[in-house]
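Dear colleague,

Please find the structure below, followed by a short account of what was found in it.

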Amino acid sequence: MRYYYLVIVMALLPLTMAKKSKEKPEWAKKDIRDFSDADMERLLDQWEEDEEPLEPDELPEHLRPQPQLDLSKLNTANPEELLKASKKGRTLMTFVSVDGNPTREEAETITKLWQTSLWNNHIQAERYMVDDDRAIFLFKDGAQAWEAKDYLVQQERCKGVTIENKEYPGTFVKKDEL
């Protein structure tokens with residue numbers, strides 16, 4: 001029995017004796033105002049040393065793992081379906097042009113109405129005006145951009161939608177205006 005207790009004590013002894021060194025590294029002895037970028041990076045690494053890793057959905061987008069595509073379930077003859085699947089969960093920008101030479105305020109009102117309609121259909125898009133007749137719709141889930149495109153090209157004042165450098169003309173645009 002004594003041997004059993006001795007083994008337990010000997011096993012736990014290194015855990016209790018192991019302490020971090022009280023001696024500061026040379027870079028940590030400097031005044032904080034004299035820290036270089038490398039020193040600040042080391043300080044951040046030391047700060048985050050004992051932190052638990054973030055969940056994949058909490059990571060910044062560039063650090064998240066890429067979604068796995070199952071090509072057997074996709075129609076490889078349809079390139080839009082492949083693009084839509086590859087942009088799932090990724091941020092995607094879409095350019096939308098308003099037809100009919102509108103003023104900036106008029107184009108802003110029209111695109112705001114389109115944005116509201118998309119939000120009402122559970123398609124979340126942020127809208128930014130980049131020109132008097134052109135806006136960027138930013139989708140946090142890039143797969144929603146194609147659903148939004150289907151809605152937007154059906155709008156009377158939509159001149160066209162551009163996704164991934166592919167232009168989709170509006171339904172009501174005359175061929176000579178393209």
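**The sheet and its helix**

An open sheet of five strands, with antiparallel pairing, runs in the order β2-β3-β1-β4-β5, where two strands pair if DSSP finds at least two bridges between them, and where helices (H or I, at least four residues) and strands (E, at least two) are DSSP runs numbered from the N terminus. Its edge strands, each pairing on one side only, are β2 (125-131) and β5 (166-169). This is a predicted model, in which local features need pLDDT of at least 70 and side-chain atom pairs count only at pLDDT 80 or more, while totals for chains, interfaces and linings use all residues. Residues are numbered from 1 along each chain as its sequence is written, and side-chain values use heavy atoms, with hydrogens and water left out.

Strands β1 (residues 92-98) and β4 (residues 158-163) pair in the antiparallel sense over five bridges, and Thr 94 has Ile 163 in β4 as its bridge partner. Helix α4 (residues 104-120) packs on the sheet and touches β1, β2, β3 (134-139) and β4, contact meaning heavy atoms within 4.5 Å; the direction of α4 makes about 165 degrees with that of β2, the axes being lines fitted to C-alpha atoms, for helices over the stretch in contact, with angles from 0 to 180 degrees between N-to-C directions.

**The chain as a whole**

The protein chain has five helices and five strands, which follow one another from the N terminus as α-α-α-β-α-β-β-α-β-β. Of its 178 residues, 26% count as buried, that is, under 20% relative accessible area (1.4 Å probe, protein chains only), with exposed meaning over 50% and partly exposed in between.

Best regards
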